[in-house]
Structure formats: C-alpha cells, structure tokens
Amino acid sequence: MDERFEPIIDGILNQGFGIVDNFLTADEVAALASRLHERRAQGQFRAAGIGNQQVAVEKQIRGDEILWLENETATQEETTFLARVDQFMEYMNQTCYLGLRDSEFHYAVYPPGTFYKRHLDQFRSDSRRKLSVICYLNDNWQESDGGQLALFLPATQPGETEQEVTIQPIGGRLVCFESGRLEHEVRPAGRERLSVTGWLKTEGVY
Ligand SMILES: O=C(O)CCC(=O)C(=O)O
Ligand SMILES: [Fe+2]
C-alpha cells in the first residue's frame, strides 16, 4: 500500500475521479511555479492547440498557453515531479494492471479571462491516453478567482442524469480521471491559473 497513491485509485474506482491534496508540498509548488514563470518569461510557451484550426478559432475553445516537459531539458524540480509521476504510473500498473507505458506532461498557464470548453482528452484519436492527471500550482486560490475544473460524471443507470462536480485549482492538489470517459471543462479564470497537466498512456493501438 502506498498512502500517497491509494486515495487516487479509490476515488477513480468509487466516484469516477481521484483527488488528493498535498500531492506536491508547498515548497514543490512554489519551485515549479517559479520555474514556470521563468521559462514563460524566456518565451518558451505557446498557445495550446486542439487540432489544425486557426489560432483565433482555437481561442474560442481553449485559451491556455503550454510548454511540454522533456526529460532531457528538465530542471531539478521538474525531474522530481516527473519521477513522482513515474512512481504513480508504476503503482497503477502493479495494483490495477493498466499496462501504462508512457507519459507526457506540460505546464499550462490560463491568462485572466481564458478557459477550456467542455471536452474529452482523447481528441486527435489518441486512444493511448488512459489517465488524465492535473496538478495545480496556484498560491492562495479563492473561489471568487473562478477557473474551476468542472467534471461531468456520466449517468451510471438508465434514467439518471449526469452529475457535475466542481473542483478548485488549489496548489498541490492532484486530480486524476480516465481520459476516455470524463468530459470536463475549465471555467474562465479571473487571475492567472497555473498547472502541470499530463497523460499516462498505454502502448499504441492506432
Ligand atoms: O487544468 C485543468 O483543470 C484541466 C485542463 C484540461 O482539461 C486539459 O488540459 O485537457
Ligand atoms: Fe482536458
């Protein structure tokens, strides 16, 4: 049993999503946030894409800017984060036999006023994305700051309606759910909203 990871698995199995606070310590959050700011100031971030559409069209759907993390160029705090994700992936494989082989993670910044409309993370027909993982890097986030993550939990029985769960993007918090199953959206952020987001993937069936 690994008490860091077990509540995430419990959540996914019992309620369709896992959520844990303090997955990252306050120091880790601060270190990643300041690295994010540094790399953004160096011009390393790009408007996130959703396909081959024009930037203007995409901005109606999502307004975040991202930077993919690469092992080769990762700084110390990024390496620490990616190593913890690897441990989680390993643990998921041992306990749930998910056959996860690969991961991809990016920083995301939502400038004030931006959002990400309702979507599923398996767009671009990338069915290798099995689990979506989001870690927030925000200091002192308030409900009035907006930027909530809304999860739309599908009905499990005929006659039921979907349920909506709203999650505050609090620093150190991790949220995890099945990429092919849960539609979700990011509500307009009232202040700059920071995260590291990624996917745990299986080997390819294209
Ligand atoms: O930042 C979040 O809360 C969710 C981000 C998201 O849905 C995505 O990047 O696909
Ligand atoms: Fe998403």
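Me: At what angle do helix H2 (residues 26-41) and helix H4 (residues 76-96) pack?
Reply: They pack at about 125 degrees, with their axes 9 Å apart. An axis is a line fitted to C-alpha atoms, for helices over the stretch in contact, and angles run from 0 to 180 degrees between N-to-C directions. This is a predicted model: local features need pLDDT of at least 70, side-chain atom pairs count only at pLDDT 80 or more, and totals for chains, interfaces and linings use all residues. Residues are numbered from 1 along each chain as its sequence is written, while chains are lettered from A and ligands numbered from 1 in the order in which they are written.

Me: Why are H2 and H4 called oblique to each other?
Reply: Take the cut-offs: under 35 degrees is roughly parallel, over 145 roughly antiparallel, 65 to 115 roughly perpendicular, and the rest oblique. The angle here is about 125 degrees, so H2 and H4 are oblique.

Me: Which residues make the contact of H2 with H4?
Reply: H2 gives Glu28, Ala31, Leu32 and Arg35; H4 gives Glu77, Glu78, Thr80 and Phe81. Contact requires C-beta atoms, placed from the backbone, within 7 Å. Four of these residues are charged, three nonpolar and one polar.

Me: What makes S6 and S9 a pair?
Reply: Pairing takes at least two DSSP bridges between strands. Strand S6 (residues 129-136) and strand S9 (residues 174-178) have five, in the antiparallel sense. Ser132, for instance, stands opposite Phe177 in S9.

Me: In what order do the seven strands of the open sheet stand?
Reply: The order is S1-S9-S6-S11-S4-S3-S2, with antiparallel pairing.

Me: Why is one side of S1 and of S2 left without a neighbour in the sheet?
Reply: Strand S1 (17-20) and strand S2 (46-47) stand at the edges, each with a single partner strand, so one side of each has no neighbour there. Helix H1 (residues 6-15) lies across S1 and S9, running at about 145 degrees to S1.

Me: Which residue is the bridge partner of Phe152 in S8?
Reply: Glu164 is the partner of Phe152. Strand S7 (residues 149-153) and strand S8 (residues 163-167) pair antiparallel over five bridges. Four bridges also join S7 to S10, again antiparallel. There, Leu151 has His184 as its partner.

Me: Which residues surround ligand 1?
Reply: Ala108, Tyr116, Asp121, Ile134, Leu149, Pro169, His184, Val186, Ser195 and Thr197 do. Strand S10 (183-186) and strand S11 (193-202) each give two or more residues to this shell. Six of the shell residues are nonpolar, three polar and one charged.

Key:
A residue is near a molecule or strand if its C-beta atom, placed from the backbone, lies within 6 Å of it. Ala, Val, Leu, Ile, Met, Phe, Trp, Tyr, Cys and Pro count as nonpolar, Asp, Glu, Lys and Arg as charged, and the others, Gly among them, as polar. Two residues are in contact if their C-beta atoms, placed from the backbone, lie within 7 Å.
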